[in-house]
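Visitor: I have a model open and would like to learn how to read it. Can we go feature by feature?
Guide: Gladly. Here it is.

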Amino acid sequence: MFALREALPGHDLPMSWSLARGVASGLAGLGIVLAVLGVREFRRAMTTVDPRFPAKASALVSGGVYRYSRNPMYLGMLLCLTALFVHLRSLPAGLLLPCFVLYMNHYQIAPEERAMRERFGEVYAEYRARVRRWI
């Protein structure tokens, strides 16, 4: 962890170590909970969790945590990355956050959404209109 901090020196966030640790722990905990709840809903629906094959989805999951976010697992990952940024207290490390969102939107979420549109049609369109992509 300290090697990464040394690789991204300077521009420290004005935050004490203990406050950074507490905030980072809370964000990481929330991220883990969201991701686990997302996986749990997929398991309950007996559909694939593997993001490499969205066309293999056997059910559209829209209950539980998916009532609030279409991508709680990715949101959980983003919160864990945000926790790392806060833990490091490095502004340059924070530049990775929008890069992660842009990458996920383009290379992961957009293909998944195309597959869901093809597989579930109007039901997915209604879900998509009701629930935001991230939060």
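Visitor: In which helix is Glu113 found?
Guide: Glu113 is found in helix 5. A word of caution before we go on: this is a predicted model.

Visitor: Is Glu113 buried or exposed?
Guide: Look at relative accessibility; under 20% counts as buried. Glu113 has 5%, so it is buried.

Visitor: What does Glu113 touch, leaving out residues up to four places away in sequence?
Guide: Four residues: Arg70, Tyr124, Arg128 and Arg133. Three of those names are arginines.

Visitor: Let me step back. How many helices and strands does the chain have?
Guide: Five helices and zero strands. Read along the sequence, that gives α-α-α-α-α.

Visitor: What does the C-alpha trace span along its principal axes?
Guide: About 50 × 25 × 25 Å.

Visitor: What share of the residues is buried?
Guide: The chain has 135 residues, and 37% of them are buried. Glu113 belongs to that buried group.

Visitor: Now helix packing. At what angle do helix 3 and helix 5 pack?
Guide: About 165 degrees, with the axes 11 Å apart. Helix 3 covers residues 72-88 and helix 5 covers residues 96-130. Angles over 145 degrees count as roughly antiparallel. Helix 3 and helix 5 are therefore roughly antiparallel. Their crossing is right-handed.

Visitor: Which residues make the contact between helix 3 and helix 5?
Guide: Helix 3 brings Tyr74, Met77, Leu78, Leu81, Thr82 and Phe85. Helix 5 brings Leu97, Phe100, Val101, Met104, Gln108, Ile109 and Glu112. By class, the residues in this contact are 10 nonpolar, two polar and one charged.

Visitor: How do the axes of helix 2 and helix 3 cross?
Guide: They cross at roughly 165 degrees and come within 7 Å. That makes helix 2 roughly antiparallel to helix 3. The crossing of this pair is left-handed. Its contact residues divide into 19 nonpolar, five polar and no charged.

Visitor: What about loops? Where is Pro51?
Guide: Pro51 is in the loop between helix 2, residues 17-44, and helix 3. With 34% relative accessibility, Pro51 counts as partly exposed.

Visitor: Which residues does Pro51 touch, not counting those up to four places away in sequence?
Guide: Tyr74, Gln108 and Glu112. Tyr74 is on the helix 3 side of the helix 3 and helix 5 contact, while Gln108 and Glu112 are on the helix 5 side. Pro51 and Glu112 are 61 residues apart in sequence, but their C-alpha atoms are 7.6 Å apart.

Visitor: How should I read backbone phi?
Guide: Most residues other than glycine have a negative phi. A positive value in such a residue is worth a look. Met46 is one case, with phi of about 55 degrees. Arg89 is another, with phi near 55 degrees.

Visitor: Where do Met46 and Arg89 lie?
Guide: Met46 is in the loop between helix 2 and helix 3. Arg89 lies in the loop between helix 3 and helix 4, residues 91-94.

Visitor: Which is buried and which is exposed?
Guide: Met46 is exposed, with a relative accessible area of 70%. Arg89 counts as buried, at 17% relative accessibility.

Visitor: Last topic, cysteines. How many disulfides are in the structure?
Guide: Zero, from a search of the whole structure. Cys80 is in no disulfide, and its nearest cysteine sulfur, that of Cys99, is 18 Å away.

Visitor: How accessible are Cys80 and Cys99?
Guide: Cys80 is partly exposed, with a relative accessible area of 30%. Cys99 is partly exposed too, at 47%.

Terms used:
Residues are numbered from 1 along each chain as its sequence is written. This is a predicted model: local features need pLDDT of at least 70, side-chain atom pairs count only at pLDDT 80 or more; totals for chains, interfaces and linings use all residues. Side-chain values use heavy atoms; hydrogens and water are left out. Axes are lines fitted to C-alpha atoms, for helices over the stretch in contact, and angles run from 0 to 180 degrees between N-to-C directions. Helices (H or I, at least four residues) and strands (E, at least two) are DSSP runs, numbered from the N terminus. Angles under 35 degrees count as roughly parallel, over 145 as roughly antiparallel, 65 to 115 as roughly perpendicular and the rest as oblique. A crossing is left-handed if the near helix is turned anticlockwise from the far one by less than a right angle, and right-handed if clockwise. Contact means heavy atoms within 4.5 Å. Ala, Val, Leu, Ile, Met, Phe, Trp, Tyr, Cys and Pro count as nonpolar, Asp, Glu, Lys and Arg as charged, and the others, Gly among them, as polar. Buried means under 20% relative accessible area, exposed over 50%, partly exposed in between (1.4 Å probe, protein chains only). A disulfide is a pair of cysteine sulfur atoms within 2.5 Å.
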